[in-house]
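Morning, everyone. I have one structure to show you today. Have a look at it first, and then we will walk through it.

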Amino acid sequence: MSPGAPPSDERSLVDRALRAVAGLARRGGGDGGGAGLLSADAEDALVDAILSRNADVLLLAKHFAAEQAARFTGHALRAVLRADGAGGPSGAGLDAVVVGGGLAGLSATLTLLDRGAQVVLVDKEAVLGGNSAWASSGINAADPASPGDSVEGYMEDTLRSSGLEDSELIRVLAVESGPTLKWLRHRVGLPLEKVAQLGGHSHPRTFRPADGLAGQQLVTALLKQLKKFQESGALEIRKKTAAVQILQSGDGRVVGISVKDLKTGEIAELSTSSVVLATGGFAANDHQESLIDQYRPDLSKFPTTNGHWANGDGHKLAVLSGADTVEMDHVQVHPTGFVDPADRSAHTKTLCAEILRGVGAILLDRQGQRFANELGRRDYLSGAMLAADPEGKTFTILLNGKAAAEVNKHVPLYLKKGLLVEHISLHSAAVWMDLDVAVLEATLDRYESDAAKGSDAHGKVAFNNLPFRGERYYTGSVTPVVHYTMGGVHIDAKGRVMSGGTVVKGLYAAGEITGGIHGKNRLGGNALTECGIWAYRRCPDSRSCHGTGIRSRFT
Ligand SMILES: Cc1cc2nc3c(=O)[nH]c(=O)nc-3n(C[C@H](O)[C@H](O)[C@H](O)COP(=O)(O)OP(=O)(O)OC[C@H]3O[C@@H](n4cnc5c(N)ncnc54)[C@H](O)[C@@H]3O)c2cc1C
């Protein structure tokens, strides 16, 4: 406490400061001040500083704690860091450069800023969002409020799908999913109140907003939070700017990054001790010598759901800086990309979101027969489709009115794009499929009687929105598509990039660029979870983001 301050004053400041910290630790930042939920370590550090009567912290409490709890904790954390010799954003240079403005990059940026860092975010596109903005089924979490689900159940499902016996990364994914969902709801401000069960999951745990599609809403909510930091000068966003080289000192430590302004061609060097690579995957196989050509030439001619930006730029940068890659040949073929009747051979296809099957859509071959469990894993279902129709690879997705009403953001969008067609009778749906209606009647009779028994010959046990017969039906044509790259840059559980068993100091990766989290098959909804976790819960620790590389107390 400042010399001369009366003890009673000091006691009430301590009380005020502790109240602010306790409130934020309980419910997250609600005053728009920017600190957000406190991690347990941040809470410990602040409580220690307050109880030891840290003079700067109590001075801050005097001016901020009563009215602006989030601001108080943000400033107080920086004061504690400075006292520990970590330096602050006012020190020389930037604390971190984040490459990529999808969910992983935006989440990492917000986390770093909340910890008081000075950040530059670069993205080679004119519009931020990447593939994240296209994600529509939702994000997985073992939500403690979700009856019947558990971290263990989520972990088991993910392990089973991955083909791995055990995995530290999957354990982190399952354990950190609940806190990440909480952060998205409370700090980022997106309620994500709806939940569905996707293929390969034993429980409904894929969350989405009631309004709009998951990915776009997440990106919009994050950008809204980041705006405040742009205004304060803590964050600079450079669009149409590509990262071209990671700069390292002789011992391999990151000292900066070269970026190219794609409008002017100018190259600039940004000094920083922390670079977060969040450049997405490499499933866009629409260019020559793509990484898909290199690692999975058998999939070179498959259509893709990915935007052209997902070309593995970040993987190449990481490898040049010494990073290892893992499982680069593990590429996910998603069973349902829409075949657009207006452009059947288009290489880039709109994804027919898995949630349609989650709410009860069924898949039929050209003879009007079901051939697989629509809620099976993606690798199983794509395999069944390729075996059933290796030449045409074309199938029908059939949805009833009740299921369509449940995904009332997706269906109108697909109808508008001409990818789904609405029918007022089963007869009309049969005509669309070029089948006799009696064939469809027989398929649905069998489906409904299997559902009444609780299982079918393909192992399906969850049947939603029955009876199937009703007043409305929706049909679309779908085909398997290259969708996601499970392999990528090798990271440890903290998101640090690895090279020959040691970390590349100052280099982090988050999101689809990382490899090894999903094994041979990613479960639907796990990509957004991975983005959030390795960008928020496992974000570059605050010490390194403050430039000195001293280990974290705040992650
Ligand atoms: C159509 C579609 C639907 C999906 N639906 C779901 C879903 O519902 N649930 C789910 O969990 N997953 C879903 N996925 C997968 C998920 O969306 C992605 O894995 C995830 O969004 C990747 O996020 P990211 O932040 O790692 O990369 P992205 O969101 O792709 O962002 C990467 C960014 O990096 C930028 N970039 C790349 N290279 C450079 C460079 N050299 N310099 C500067 N910038 C660079 C890109 O321009 C881009 O903006 C879907 C994917 C697609 C394609």
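Let's start with the shell around the ligand. Keep in mind that this is a predicted model.

An N or O atom in the Asp123 side chain sits 2.6 Å from a ligand oxygen. Backbones take part too. A polar backbone atom of Leu103 is 3.3 Å from an oxygen of the ligand. For Gly525, a polar backbone atom is 3.2 Å from a ligand oxygen. How much of the ligand does the protein bury? Taken alone, the ligand exposes 1000 Å², and the protein buries 99% of that.

Last stop: a sheet. This one is open, with three strands in the order S3-S5-S4 and antiparallel pairing. The edges are strand S3 (139–140) and strand S4 (194–196). Each has a single partner strand, so one side of each is left without a neighbour in the sheet.

Look at S4 and strand S5 (residues 206–208). They run antiparallel, and three bridges join them. Which residue in S5 is the bridge partner of Lys194? That is Arg208.

That's my tour. Over to you.

How values were computed. Residues are numbered from 1 along each chain as its sequence is written. This is a predicted model: local features need pLDDT of at least 70, side-chain atom pairs count only at pLDDT 80 or more; totals for chains, interfaces and linings use all residues. Side-chain values use heavy atoms; hydrogens and water are left out. Two strands pair if DSSP finds at least two bridges between them. Helices (H or I, at least four residues) and strands (E, at least two) are DSSP runs, numbered from the N terminus. A polar contact is a pair of N or O atoms within 3.5 Å; within protein, one must be able to donate a hydrogen and the other to accept it, and residues adjacent in sequence count only if both atoms are side-chain atoms. Accessible areas come from the Shrake-Rupley method with a 1.4 Å probe; for residues, only the protein chains shown count as cover.
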